[in-house]
Structures are given as structure tokens and as C-alpha cells.
Amino acid sequence: MKYTVLGKSGLKVSELCFGALPMGPLQANIPIKDGAKIIRKGLDSGINFLDTAQVYKTYPYIKEALAGFPGDVVIASKSHATSYKEMRNAVFEACQKMGRDYIDIFHFHAPRGDKNVFQQRAGALACLVDLKREGIIRAIGISTHAIEAVEKAAEMEEIDIVFPIINMVGMGIIGGTAEDMFEAIKKVHRVGKGVYAMKVLAGGYLIKRIEEAISFVRNREEIQSIALGMVNLRELSINLRIFRNQKIDQAELIKEEFPRKRLFVSGFCEGCGTCIKACPNQALSLQEGRAAVDYSRCLTCGYCVPHCPIFALRIV
Ligand code: SF4
Ligand code: SF4
């Protein structure tokens, strides 16, 4: 496993970052003890970088995985908070629920945020600056799908780390192509910010081309790590082998137990439309009085799931 420092942050991370979103209630919803075992196996295998978020509700998995672990682990979390107080609460919630005195990286969770995102959330930014000064967080970041937010981050002295979406089919990227996003990423890299990538498998769409999809993003000087969600030991094993430059048997990737997950809309949907605004990828619409999913846009992130008041959405 290769380790690299994220920009000027001083945080040395494994090239493979363990994404905690898919094991939690927004997606697979596996029991905490099972998820914790998979994370712990990842840590024991050399991964030292975990990515989570306030909305993922996966802090308990991480807390259990870290119990008694002797090594240093870099944790990134994020919040949609806009005000100073909301952001302060979000950071202390992360500390408390993961049993840590500090969080290494705390992001603006802003999948659809545009170039005005830092201005619109000025209170939250001021809070993160103060918490960094107090040693409660070590670096400030932004997690985004939008090219213009990445470009804006390059101009923001306060931002240390950028966590952009990037994949070979350009799925989910707002404001341009994958190459346009790479150009924006180069800008933030040039000014010394750390970068790690999300959704390189386009929400599972590229799972059968996993090696090609990861190679597309890997080994670029401007990207130090890649976050991949994992919900079982098989996925962990495949990802570890790729990042150890070992060969993967293609037959493994097409086995039945490694299917692409999908967003499912139950027949109970009442067509209230609440979920549509929650989707960062404009993959939902109302059709004939029910929510309909455009699977060519859906990244199976699960962000829409908790917004349905009658629990009609599920990732299956
Ligand atoms: S429809 Fe839901 S799961 Fe699909 S991209 Fe949008 S928020 Fe994510
Ligand atoms: S929020 Fe739930 S009930 Fe409302 S449209 Fe979406 S799936 Fe249907």
C-alpha cells in the first residue's frame, strides 16, 4: 500500500481510503458489528484513511472498528451545516460518536454547491477555521460534485483538502466532463491542496471495469487517495489487491454476489416530491404521480433515502 501526504496538510494517508457510506443505513444497512469488522480488517491490512459524513450515520461502525486499534487513523467527515453553530455541533457530534478528541479532516458537504458555496456558508467556514485553530480539526475540506466549486476552492486559503467526484464516464460531474474536472483538480493541486477522489466507479456503474476505472484516476500526481465504499470482505479483498498492484480474476467481478446496487422506489410512494430536491444528480423526477429514477444519472449514493417521509426509498 502506498502512502502520500495530502497536500500541505501533513496528513499521510493510504492510497486506498475506506468509504463508510455504503455499509450504513442509507445503503446496505449492515449490522454495526459486521461493518466494524470489515473496517477493522481494512485497517489491519494497511488502510489508514476513513471517509464518513454526518448524514451517513456510520460513526458507530467507525467507533467500534477503532476500539483498541493501535495505529494512527486519519478520519474525514463532513456536514451540510451552513451556520457557525450547526457546524460546531456537527464536529463535536463526530468527535463524540467516534470516540475521538479531534477529527483530521472536516469538509463542507456540498455535492451541488456552486462557486458561491463558501460565501453562502460563511458561518460554517468561520467555525471550521476556529476549530482548526483550537486543534479540534486538523484540516478543512470540501466534498463536491461541481467543477466550479473545485475551482473556487483553489482560491480559498482556508481550504486544505478537496474531495471531488471523478470517473472515466463523467457521471455525476456538474459543469463539465471528466477532463474538465481534472483541469480543476490540477488548479487546487498547484496551490498545495490535498485531493482525494470519490465515485471513481460511478456509483457501481463501472464495477465490471474496476481496474480500468481505478487506473483512470490513480497514479495522477494531483490525486493522493481514492475513496471506495466497501460492505463485505470480498470487496475489501478486491480493492486491496488492486492497490497492491496484484492481478484480479475478472470472473470474480461478475459473480452474483457482487451485483450493482440500485435505488428502489416502493409502490407506497405518494408522489410528494420531497426526494427530488435531495438528489445532487437530478436523477429523480415525478412521473404519473410517483418518484421515478433515471438510472443513467443515479450514483446510488442514497442521499435521497432519508428525505422520504414514508420510507418509500431503499438501496437494494
Ligand atoms: S436518486 Fe438518490 S441514490 Fe440516486 S443519485 Fe440521486 S440521491 Fe443518490
Ligand atoms: S419523498 Fe418518498 S413519497 Fe415523496 S415522492 Fe419521493 S419517494 Fe415518493
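A residue is called buried here if 20 or more other C-beta atoms lie within 10 Å of its own, exposed if 12 or fewer, and partly exposed in between, with C-beta atoms placed from the backbone. By this rule, helix H6 (residues 147–155) has the buried residues Ile147, Ala149, Val150, Lys152 and Ala153; helices (H or I, at least four residues) and strands (E, at least two) are DSSP runs, numbered from the N terminus. Among the elements covering the buried residues of H6 are helix H4 (117–120), strand S7 (137–144), strand S8 (161–164) and helix H7 (178–190). The model is a predicted one, in which local features need pLDDT of at least 70 and side-chain atom pairs count only at pLDDT 80 or more, while totals for chains, interfaces and linings use all residues. Residues are numbered from 1 along each chain as its sequence is written, and chains are lettered from A and ligands numbered from 1 in the order in which they are written.

The protein is divided into domain 1 (3–253) and domain 2 (263–315), with bounds that come from an automatic or database domain assignment. The C-alpha centres of the two domains lie 24 Å apart. Twelve residues of domain 1 are in contact with ten residues of domain 2, contact meaning that C-beta atoms, placed from the backbone, lie within 7 Å.

The largest nonpolar core has 105 residues, and Ala197 and Ile226 have the most contacts inside it; such a core is a set of buried Ala, Val, Leu, Ile, Met, Phe, Trp, Tyr and Cys residues joined through C-beta atoms within 7 Å. Both domain 1 (3–253) and domain 2 (263–315) give residues to this core, so it lies between them. Leaving aside residues up to four places away in sequence, Ala197 touches Pro164, Ile166, Val217, Ile223, Ile226 and Ala227.

Ser266 counts as partly exposed because it has 13 C-beta neighbours inside 10 Å. Strand S12 (residues 284–287) and strand S13 (residues 290–293) run antiparallel and are joined by four bridges; strands pair if DSSP finds at least two bridges between them. Leu286 stands opposite Ala291 in S13. Two residues lie between the strands of this hairpin, where Glu288 takes a positive phi near 50°.

How values were computed
Two residues are in contact if their C-beta atoms, placed from the backbone, lie within 7 Å.
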